[in-house]
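Please read them beside the model.

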Amino acid sequence: MPELLLELFSEEIPARFQRRAAEELKKAVTNALVDTGLVYEGARAFATPRRLALTISGLPARSPDTREEKKGPKVGAPQPAIDGFLRAAGLSSIAEAKVESDPKKGDFYVASIERPGADAVDLLSSILPKVMTDFAWAKSMRWGSGSFNWVRPLRAITATFGSENDEPVLVPFAIGGLESGQTTFGHRFLAPDAIRVKRFEDYSAALERAKVVLDIDRRKDIIRNDADNLAFAQGLTIIHDEGLLEEVAGLVEWPNVMLGSFDPEFLKLPEEVIIATIRANQKCFCLRDGAGKLAPNFIITANTIPTDGGAAVVAGNERVIRARLSDAAFFYQGDLAIPLEHGLPKLEDMVFHAKLGSQFAMVQRLVKLAAGIAPLVGADVETVKRAAMLAKADLITGMVGEFPELQGLMGRYYASAQGEKPEIAQAIEMHYKPVGPSDRVPIEPVSIAVALADKLNVLSGFWSIDEKPTGSRDPFALRRAALGVIRIITENGLKFPLDVEPDLLAFFHDRLKVSLRDAGARHDLVDAVISTDSNDILQITQRAEALSSLLATDDGANLLAGYRRAANILAAEEKKDGTVYAGAVDQAALKLPEESALAVAIDAVHTAVAAHVGKDDYKAAMGQLATLRAPVDAFFTAVLVNDADPVVRKNRLNLLARLRDTMHLVADFGKVAG
């Protein structure tokens with residue numbers, strides 16, 4: 001079957017846009033094809049710095065004929081309804097519709113709408129320019145006198161359609177002052193001549209000969225493997241950086257890695273500063289030596305094959321990196337000369353949020369909140385207050401001004417060099433953490449106190465001004481802050497009830513549900529252990545884990561079945577009688593040994609479970625519940641709950657209510673699915 005080849009050749013596309021743009025192009029074109037009835041077999045999208053490419057295989061030569069029956073108004077309906085039906089169905093007269101009967105609704109009109117298929121090339125000629133016109137770039141531009149927007153000026157459009165054995169035809173259309181054709185171009189420097197292409201197979205091969213690797217993932221593999229091999233030959237190892245690798249692969253069409261070096265004197269700088277400087281300014285990878293220390297070397301990825309073996313490219317990068325590292329050294333030495341606390345007044349000039357005040361105001365609230373948290377996590381109050389006061393001080397330093405991603409980390413370096421306690425320096429770095437699911441969590445008491453206070457300070461602040469996440473919009477990363485609080489509490493095993501307003505507590509519940517579900521917990525079990533006033537994150541987590549373990553056993557599964565039977569009976573009887581059974585069991589009214597045995601078992605288990613819950617030992621509490629399985633099974637086998645004697649009946653319903661209440665000490669089993 002025929003295939004479509006589409007290439008949009010332009011000036012350099014920013015690396016950060018390429019992968020998403022290729023996928024969005026594929027999605028937009030394939031969706032439009034399906035809408036017109038052109039069902040395809042497969043689609044692949046590609047991106048290089050100067051092109052987006054798309055190949056769609058298994059397309060039919062024509063869209064199929066279709067027939068649709070459109071239901072209209074009732075016979076005898078008002079004329080406006082008839083006229084609207086005729087317009088929608090494309091009929092000129094109601095006589096062209098047929099009448100069908102419905103036993104309940106009577107006679108109504110039906111139009112049979114037949115639409116002939118269309119030639120695929122004609123459909124593509126209308127689809128492709130519309131997709132390009134509607135394409136949503138994060139940033140786009142116009143050029144010349146035209147009104148068409150694209151990320152960078154378009155230079156050529158290739159659009160062909162045809163089967164493997166035939167000469168493909170051109171898909172004709174024009175946009176942005178360009179007409180579609182069959183001409184593309186190779187590497188800007190190594191093979192810039194025009195290339196005439198037919199279909200994807202020869203297109204891909206021709207680009208390879210013209211020094212263009214079309215697939216971004218293959219370019220990444222080339223860079224990764226060649227860099228690893230080059231480093232290994234020098235006894236070094238690459239500091240792998242997936243984000244940088246993705247960016248570099250989006251900067252080159254024909255990757256060529258080379259090794260450069262810098263003055264070892266710069267190794268006196270913090271290694272994070274060196275890595276950030278080289279990464280940000282030259283998009284180069286840093287390396288470590290055999291001892292794991294940062295080496296005075298870097299890997300360049302060039303987009304050419306230099307005639308001098310790369311000497312000029314390496315020398316140029318070395319000059320720029322030396323200058324940038326000199327700047328970094330200047331910032332570092334200047335920052336070290338000023339004690340962190342001396343910069344605090346400048347935080348008054350930094351606005352955190354228009355409604356929440358300056359960074360200094362946020363620091364004042366942070367100090368107060370951290371001091372209150374300190375005793376709860378076993379941290380010294382005065383040490384925590386000092387750490388909280390200095391936590392944001394590095395925001396006014398030259399280094400953080402140059403590299404904002406180093407905030408916190410540079411504060412730790414400066415605090416250590418200026419004689420602050422180690423736990424204060426560590427807390428300055430760690431108070432931002434964790435910033436993602438794979439990031440470290442603070443584990444030292446002072447760091448924990450400041451990190452919790454920082455996140456709760458931000459959350460409570462934005463809640464107080466009614467700035468909350470909505471849908472996918474979360475400009476202040478409040479979901480991340482809440483997940484950070486949850487991870488700090490759970491991974492450190494902290495008994496730390498959240499003293500927040502109900503609406504914010506509900507937000508924590510939502511984030512906790514997401515966190516537990518991501519960890520594999522069943523959503524119904526999470527719901528079963530969370531109530532509207534549950535403010536102990538660790539307790540909720542432990543209950544969910546214990547409940548999951550209980551229900552994974554035969555005793556737990558059978559006990560759940562017994563609970564449901566009891567709950568259903570109670571619900572029906574309470575609805576019928578208008579009575580709430582409170583679990584007050586009259587021992588004298590117990591007639592059968594099975595109900596007496598269950599009453600004794602429930603009393604014992606209720607006492608034991610309450611004791612275990614009081615000690616936050618939910619595993620033991622669930623274990624006690626599991627012992628009820630046998631007496632519950634025996635009860636329902638031998639006992640008729642709705643006895644003819646109203647006294648006996650009421651007592652047995654109270655016994656079931658006692659069972660329900662006992663199980664609810666650890667979870668609402670009524671919310672467990674299955």
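Which residues are linked in a network of salt bridges?

1. The network takes in Arg19, Asp217, Lys220, Asp221, Arg224, Glu242 and Glu246. A salt bridge here is a side-chain nitrogen of Lys or Arg within 4 Å of a carboxyl oxygen of Asp or Glu. By this rule the count comes to 50 salt bridges.

2. Some ground rules. This is a predicted model, in which local features need pLDDT of at least 70 and side-chain atom pairs count only at pLDDT 80 or more, while totals for chains, interfaces and linings use all residues. Residues are numbered from 1 along each chain as its sequence is written, and side-chain values use heavy atoms, with hydrogens and water left out.

3. Arginine 188 and glutamate 11 form a salt bridge, with 3.0 Å between the closest N and O atoms. Arginine 188 sits in the loop between β11 (183-185) and β12 (194-196) and glutamate 11 in the loop between β1 (3-10) and α1 (15-35), so the pair ties together parts that are 177 residues apart in sequence. Helices (H or I, at least four residues) and strands (E, at least two) are DSSP runs, numbered from the N terminus. Arginine 188 is partly exposed at 30% relative accessibility, and glutamate 11 is partly exposed at 24%. The terms used are buried for under 20% relative accessible area, exposed for over 50%, and partly exposed in between (1.4 Å probe, protein chains only).

4. Aspartate 616 and lysine 495 form another salt bridge, the closest N and O atoms being 2.8 Å apart. Aspartate 616 is in the loop between α20 (593-614) and α21 (618-626) and lysine 495 in the loop between α15 (478-491) and α16 (502-518), so this pair ties together parts that are 121 residues apart in sequence. Aspartate 616 has a relative accessible area of 23% and is partly exposed; lysine 495, with 43%, is partly exposed.

5. Glutamate 429 and arginine 412 meet through their side chains in a salt bridge (2.7 Å, N to O). Glutamate 429 belongs to helix α13 (residues 422-430) and arginine 412 to helix α12 (residues 409-417), 17 residues apart. Glutamate 429 is buried at 10% relative accessible area, whereas arginine 412 is partly exposed at 23%.

6. The structure holds 16 aromatic pairs. The ring centres of tryptophan 143 and phenylalanine 148 are 6.1 Å apart and the planes are at 80 degrees, so the pair is edge-to-face. Rings of Phe, Tyr and Trp (its six-membered ring) pair if their centres lie within 6.5 Å; planes under 30 degrees apart count as stacked, over 60 as edge-to-face and the rest as tilted. Tryptophan 143 and phenylalanine 148 are both buried. One aromatic cluster is formed by Phe17, Phe135, Trp137, Trp143, Phe148 and Trp150.

7. The backbone deserves a look as well. Most residues other than glycine have a negative phi, and most peptide bonds are trans. Lysine 433 and proline 434 are joined by a cis peptide bond, with omega about -5 degrees; proline 434 is in the loop between α13 and α14 (445-464). Lysine 283 has a positive phi, near 55 degrees, and lies in the loop between α7 (271-282) and β15 (285-288). Aspartate 466 has a positive phi of about 60 degrees. Aspartate 466 is in the loop between α14 and α15 and is exposed, at 55% relative accessibility.
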